[in-house]
Amino acid sequence: MTVDRDKARSARSEQLDRKGEIELQRQHEAAAVAGPEIRADGSGESDDQTHAEDTDMTDEPSIKPGDVALDRTQGRPVHVLEDTGQTVLQWTNENGYDLLDNYGNGRCGATAEDRVFEVVYCSSIQSEPSKIYAMPESRLDRVETEKADGGRQVYDRIVVDVLDQLFQRAGRDDEQAVAVLEAYATDAGVDADVVDEARELAEAAQLGGEA
């Protein structure tokens, strides 16, 4: 009986070892697909996130902070937190991790010129996001939530709201303050239509307040 118990323990130990190896392999594969982690404490993340002056990135990106997108490798939704303002090549050089070597990114046809975004997975309310991932735009399919009401992307809605409040405040001074704010917003790269919409909202609010 002692021999049988020893054999049973040995078999059980081997079974657990195999399970552990399978789980470790699964974790490694998942990490390879997900891409590099940028932790909340800032490790793995550069202190300087400024745009490179020698790179032409003037085209308006289809993806903006605030958007919901799908990770094409897993079909899982992600929330876009930041546009790093960097290409894959720039991000790779600065962080010491080649995004093009990542298996998931390679499957999506990412290139050195792809813009890089910081995202978090948001597929479950029970799983609170704890990691930030750097992903090239080729890996992300944006969900066009604005089509529900024919409005703007979330990012632009926030910009309109902030500018509306600023225009209202400037309007309480004089027209010159409003003109200066409009010029500053345009110089900062805010879309002219967005600026116009915010100014019109502010003027309507002021007229309503005076009535």
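Buried means under 20% relative accessible area, exposed over 50%, and partly exposed in between, with a 1.4 Å probe and protein chains only. By that rule, seven of the seven residues of strand β4 (residues 115-121) are buried. This is a predicted model: local features need pLDDT of at least 70, side-chain atom pairs count only at pLDDT 80 or more, and totals for chains, interfaces and linings use all residues. Residues are numbered from 1 along each chain as its sequence is written, and side-chain values use heavy atoms, without hydrogens and water.

- Helices (H or I, at least four residues) and strands (E, at least two) are DSSP runs, numbered from the N terminus.
- In a regular strand, side chains alternate between the two faces of the sheet.
- In β4, R115, F117, V119 and Y121 point one way, while V116, E118 and V120 point the other way.
- Two strands pair if DSSP finds at least two bridges between them.
- β4 runs antiparallel to strand β3 (residues 76-87), with six bridges.
- Y121 in β4 stands opposite V78.
- β4 also runs antiparallel to strand β5 (residues 132-136), with four bridges.
- V116 has P136 in β5 as its bridge partner.

**Helix α2**
- V88, Q90, W91 and T92 are buried in helix α2 (residues 88-95).

**Helix α4**
- V154 lies in helix α4 (residues 154-171).
- V154 is partly exposed, because its relative accessible area is 33%.
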